[in-house]
Amino acid sequence: MARAAWTDKVLQLLGRMNNFYSAGSCRASCLRFEISGLHVGWIQTQVASLLSRYPGVFTLTHGGAVELHSSLDSYRKRSEAVDAVLRAVRQEDSVRCLRGWRDEKFPVMPKFSDAPLMWMERAATSLFGVKRYGVHINGYIVSEAGDVFMWLARRAATKPTYPGRLDNLVAGGLAARVGIRHTVIKECQEEACIPADLAETARPVGSVSYTYEDDEGVFPESQFVFDLRLPVGFKPRIGDGEVQDFCLLPVSEVKELLATDEFKPNSALVVLDFLIRHSFIDPDTEPFYQDFVAALHHGL
């Protein structure tokens with residue numbers, strides 16, 4: 001693919017993954033989601049209308065916010081009250097994202113460094129526009145000749161989101177009260193049968209952040225990124241069924257695939273970050289180098 005065409009495709013991808021900041025997005029009409037006066041998310045107007053049916057849990061303020069009721073003054077009370085509402089709404093089968101209920105508890109807080117104020121069912125987080133965190137691991141090898149190859153996962157056809165798409169070698173959401181390194185090791189073992197002693201060599205190399213909206217709500221996400229250099233002879237194996245296959249590709253081919261629809265979009269961003277950090281994209285030859293970097297770190 002010609003360089004200009006590749007760049008254009010990648011810019012389009014970055015634009016889609018940050019469309020919450022684009023002109024015409026729902027951001028201007030969203031209400032702030034607040035807990036004890038702290039801003040923790042964004043709620044679309046139709047969701048706010050639905051939540052107004054539960055005045056004992058949610059309060060709509062004159063200042064353009066949806067707050068948790070003041071009586072919900074602890075982590076447990078907030079979590080349990082919101083969960084009860086979500087389970088009731090789920091029974092109505094009127095909210096699409098709740099059909100993908102996962103029984104996974106995600107933490108809710110203004111910033112990652114803050115103490116969580118409550119937990120929330122993962123499938124519901126987009127309704128409240130609360131930031132979700134995860135880990136993504138770039139698995140790669142370096143041949144004796146010095147060439148770099150990346151291990152990629154092909155998502156199972158049964159996955160509810162992006163079935164059959166290419167993914168990072170390992171990735172997973174960061175559940176409430178579970179550590180980052182623990183999640184890396186657990187996901188490596190479960191998804192790719194990578195032994196703990198090898199998974200522990202994964203290096204934290206930063207994060208990738210973006211915010212997009214779609215018909216299921218607002219998705220502010222931040223992925224903690226790790227690089228895992230694997231032995232040349234190592235082959236990941238299918239573990240928990242989240243993946244249907246693994247493939248080892250030269251980094252030049254992986255780069256070209258970023259400009260196609262083969263990748264799960266947020267995983268494509270993690271790969272783009274890898275290519276930049278390992279100098280496979282050069283600022284002397286890529287005129288939109290800084291645009292790439294900025295769009296990979298566009299936090300809430």
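Modeller: Contact here means heavy atoms within 4.5 Å. The model is predicted.

Biologist: Which residues does alanine 268 touch, not counting those up to four places away in sequence?

Modeller: Leu13, Leu258 and Phe263. Alanine 268 itself sits in helix α8.

Biologist: Why does alanine 268 count as buried?

Modeller: Its relative accessibility is 2%. Buried means under 20%, so alanine 268 qualifies.

Biologist: How far apart are alanine 268 and aspartate 167, in sequence and in space?

Modeller: They are 101 residues apart along the sequence. In space, C-alpha to C-alpha, the separation is 7.6 Å.

Biologist: How do α1 and α8 pack?

Modeller: Helix α1 (residues 3-17) meets helix α8 (residues 265-277) at an angle of about 125°, and their axes are 10 Å apart.

Biologist: Which residues of α1 and α8 make the contact?

Modeller: From α1 come Trp6, Val10, Leu13, Leu14 and Met17. From α8 come Pro265, Asn266, Ala268, Leu269 and Leu272. By class, nine are nonpolar, one is polar and none is charged.

Biologist: Which residues touch the most other members of the largest nonpolar core?

Modeller: Trp6, Leu14, Leu258, Phe263, Leu269 and Leu272, out of 35 residues. Among the elements that each supply at least two residues are α1, β7 (132-142) and α9 (289-295). Helix α8 gives the most, with eight residues.

Biologist: What is leucine 258 in contact with, leaving aside neighbours within four places in sequence?

Modeller: Trp6, Leu13, Phe263, Ala268, Val271, Leu272 and Leu275. A second, separate core has 32 residues, including Ile43, Val66, Val82 and Val85.

Biologist: Why is aspartate 93 called partly exposed?

Modeller: Its relative accessible area is 44%. Buried needs under 20% and exposed needs over 50%. Aspartate 93 falls in between, so partly exposed is the label. The residue lies in the loop between α3 (75-92) and β5 (105-108). Its phi is positive, about 60°, although aspartate 93 is not a glycine.

Biologist: How do you know that arginine 177 is exposed?

Modeller: Its relative accessible area is 68%. The cut-off for exposed is over 50%, so arginine 177 passes. Arginine 177 is in the loop between β10 (170-173) and α5 (180-192). Its phi is also positive, near 60°, in a residue other than glycine.

Terms used
Residues are numbered from 1 along each chain as its sequence is written. This is a predicted model: local features need pLDDT of at least 70, side-chain atom pairs count only at pLDDT 80 or more; totals for chains, interfaces and linings use all residues. Side-chain values use heavy atoms; hydrogens and water are left out. Axes are lines fitted to C-alpha atoms, for helices over the stretch in contact, and angles run from 0 to 180 degrees between N-to-C directions. Helices (H or I, at least four residues) and strands (E, at least two) are DSSP runs, numbered from the N terminus. Ala, Val, Leu, Ile, Met, Phe, Trp, Tyr, Cys and Pro count as nonpolar, Asp, Glu, Lys and Arg as charged, and the others, Gly among them, as polar. A nonpolar core is a set of buried Ala, Val, Leu, Ile, Met, Phe, Trp, Tyr and Cys residues joined through side-chain atoms within 4.5 Å. Buried means under 20% relative accessible area, exposed over 50%, partly exposed in between (1.4 Å probe, protein chains only).
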